[in-house]
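The stops below are meant to be selected in order.

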Amino acid sequence: MTKIKDIGEQGLLERLQRFCPAEIIGDDAAVLETASGQSLVVTTDVLVDGVHFSNITTSPEDAGWRAVAANLSDLAAMGASPLGITVGLGLPGELRVSWIERLYQGMTECLQKYNTPIVGGDVVRSPVTALAITAFGQVNPSQIIRRSAAVVGDAIVVTGVHGASRAGLELLLHPELGQNLNNEEKTALIHAHQRPQPRLDVLPILWKILTPNSCIDAINRVSTHNSQLPIAGMDSSDGLADAIIQICRASGVGAVLEHRQILLPKTFNHWLTPEQALEYALYGGEDFELVLCLPQELASALVQHLGEGAAIAGRITAGSTVILHDEQKKFPDQVLSLSQGFQHFSQ
């Protein structure tokens with residue numbers, strides 16, 4: 001079995017270049033053409049073996065897919081369409097070359113859905129496997145989605161279900177769990193963790209419902225936020241609670257999140273307590289859905305277009321507190337905080 005130390009840096013780069021367009025790579029940097037009048041959007045994520053992925057829960061192909069999905073999700077949260085990615089690798093010399101090729105295969109499988117190439121990167125020796133991806137996207141300047149544009153009265157639209165990725169991870173780590181789930185149900189939750197889908201599909205729908213009049217009417221509404229787009233948002237990669245809190249902090253507002261409006265996988269009722277299901281949804285993370293704050297009329301139109309795949313989960317309020325409320329009074333109101341979710345270096 002060939003190892004990286006057997007072929008060296010140049011030998012590895014030669015193999016990895018097969019995954020990149022020949023006309024783009026080969027120089028000191030990639031040149032990406034953007035359409036006239038577009039803004040370039042850049043995002044970077046770093047993933048480390050034992051922190052973000054492991055051979056217990058993630059195949060090399062799945063690790064590659066997840067790494068790409070995380071970056072594309074950040075672009076979607078900004079309203080941007082992907083142009084290309086670069087890949088930085090920190091690798092132990094004892095690592096098998098086939099593992100890296102499988103990693104790239106997973107990245108390619110995800111990127112192909114969005115016609116997005118790998119346009120370069122770097123490789124260094126490292127005591128632990130690490131992966132850093134930088135993604136480039138483009139967006140019309142008038143359609144940039146920022147965290148700081150939420151205003152009091154906005155509805156909070158949340159796409160997709162939450163908690164599925166955390167549930168899939170738990171099933172991978174503890175196969176004895178979920179005894180009341182059949183194989184198909186378990187597979188669906190595990191797939192949600194290993195192969196998340198960045199919600200780039202939401203953007204065309206969003207631009208469709210944003211009529212010229214709705215944008216013009218919103219200019220005064222968000223004039224203090226340096227944005228003409230009546231939408232604030234981000235992705236929920238670090239958990240639903242984190243996304244709402246971060247938007248509220250950036251916008252100087254508060255929020256009320258309605259418990260019964262949080263969409264959960266239907267299978268949660270079969271094996272999780274209501275308290276566990278809520279924790280997975282709020283703080284589990286890695287669902288890579290979108291959280292968008294926008295006027296009620298636009299929010300209703302967006303949910304109507306997305307169908308059961310989205311819900312108005314709350315509203316933006318005055319103040320700075322983010323509260324989880326249960327109209328059915330089964331749960332007491334609680335203040336959501338970032339300290340309850342995963343934070344690097346907190347352990």
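**A tour by selection**

Select helix H6 and begin with the side on which Pro204 and Lys208 are exposed. Exposed denotes over 50% relative accessible area, buried under 20%, and partly exposed the range in between, with a 1.4 Å probe and protein chains only. The model is predicted: local features need pLDDT of at least 70 and side-chain atom pairs count only at pLDDT 80 or more, while totals for chains, interfaces and linings use all residues. Residues are numbered from 1 along each chain as its sequence is written, and side-chain values use heavy atoms, with hydrogens and water left out.

Helix H6 spans residues 202-209, and its residues Val202, Leu203, Leu206 and Ile209 are buried. These four cover an arc of only 130° around the axis, which puts them on the same side of H6. The arc is taken from the directions from the helix axis to the C-beta atoms. Helices (H or I, at least four residues) and strands (E, at least two) are DSSP runs, numbered from the N terminus.

Next, select strand S5, residues 155-159, where five of the five residues are buried. Ala155, Val157 and Thr159 point one way from S5, whereas Ile156 and Val158 point the other way.

Strand S8 (residues 290-294) runs antiparallel to S5 and is joined to S5 by four bridges. Within S8, Leu292 is the bridge partner of Val157. Strand S9 (residues 310-317) is also antiparallel to S5, with five bridges between them. In S9, Arg315 stands opposite Ala155.

The last stops are aromatic rings. Rings of Phe, Tyr and Trp (its six-membered ring) pair if their centres lie within 6.5 Å; planes under 30 degrees apart count as stacked, over 60 as edge-to-face and the rest as tilted. The count comes to three aromatic pairs. Select Phe19 and Tyr104: their ring centres are 5.3 Å apart and their planes stand at 50°, so the pair is tilted. Phe19 lies in the loop between helix H1 (4-16) and strand S1 (39-48) and Tyr104 in helix H3 (residues 97-112), so the pair ties together parts that are 85 residues apart in sequence. Phe19 counts as partly exposed at 23% relative accessibility, and Tyr104 counts as buried at 4%.

Finally, select Phe268 and Tyr280, whose ring centres are 6.1 Å apart with planes at 80°, so the pair is edge-to-face. Phe268 lies in helix H9 (residues 268-271) and Tyr280 in helix H10 (residues 274-283), so the pair ties together parts that are twelve residues apart in sequence. Both Phe268 and Tyr280 are buried.

Notes: Two strands pair if DSSP finds at least two bridges between them.
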